[in-house]
Amino acid sequence: MYVAKVDSAIIRSREVQDMLDQYEEKFQERFIAFNYADFPGTEEKCAAQVYKETLEQALRDGKPYHIVSHRYDIIDH
């Protein structure tokens with residue numbers, strides 16, 4: 001998957017990487033991988049910012065984040 005430069009900078013930041021490590025340590029599972037289908041951006045925020053805020057919210061609330069991923073919804077074979 002191609003990731004836009006603006007999104008890549010956020011996802012690869014030390015802050016997000018540290019939060020991903022905290023999430024895995026806290027919940028004994030990995031946080032959902034970044035993809036545009038599950039974390040669409042808005043007019044105000046890029047997709048990676050939405051991803052980061054979702055991760056922050058899960059850590060703050062003390063609840064793991066679970067969704068049914070839509071990343072493969074458009075693949076039809």
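Student: How many salt bridges does the structure hold?
Tutor: The model is a predicted one, and a pair counts here when a side-chain nitrogen of Lys or Arg lies within 4 Å of a carboxyl oxygen of Asp or Glu. By that criterion the number of salt bridges in the structure is 4.

Student: At roughly what angle do the axes of helix α2 and helix α3 cross?
Tutor: Two packed helices are described by the angle between their axes and the distance between the axes. For α2, residues 14-27, and α3, residues 47-61, the axes come within 10 Å, and α2 passes α3 in a left-handed crossing. The contact is made by residues including M19, L20 and Y23 of α2 together with Y51, L55 and L59 of α3, and the residues of the contact divide into 9 nonpolar, 1 polar and 4 charged. The axes cross at roughly 35°.

Student: Which helix gives the largest share of the lining of the largest pocket?
Tutor: About 220 Å³ of space lies in this pocket, and its lining includes Q17, L20, D21, E24 and Y51. By class the lining has 7 nonpolar, 1 polar and 3 charged residues. The largest share, 4 residues, comes from α2.

How values were computed: Residues are numbered from 1 along each chain as its sequence is written. This is a predicted model: local features need pLDDT of at least 70, side-chain atom pairs count only at pLDDT 80 or more; totals for chains, interfaces and linings use all residues. Side-chain values use heavy atoms; hydrogens and water are left out. Axes are lines fitted to C-alpha atoms, for helices over the stretch in contact, and angles run from 0 to 180 degrees between N-to-C directions. Helices (H or I, at least four residues) and strands (E, at least two) are DSSP runs, numbered from the N terminus. A crossing is left-handed if the near helix is turned anticlockwise from the far one by less than a right angle, and right-handed if clockwise. Contact means heavy atoms within 4.5 Å. Ala, Val, Leu, Ile, Met, Phe, Trp, Tyr, Cys and Pro count as nonpolar, Asp, Glu, Lys and Arg as charged, and the others, Gly among them, as polar. On a 1 Å grid over the protein atoms alone, a cavity is a set of points where a 1.4 Å probe fits but cannot get out, and a pocket is an open set with protein on both sides within 12 Å along at least five of seven lines; lining residues have an atom within 4 Å of a point. Grid points are joined across faces, edges and corners, and a volume is the space filled by probe spheres set on the points.
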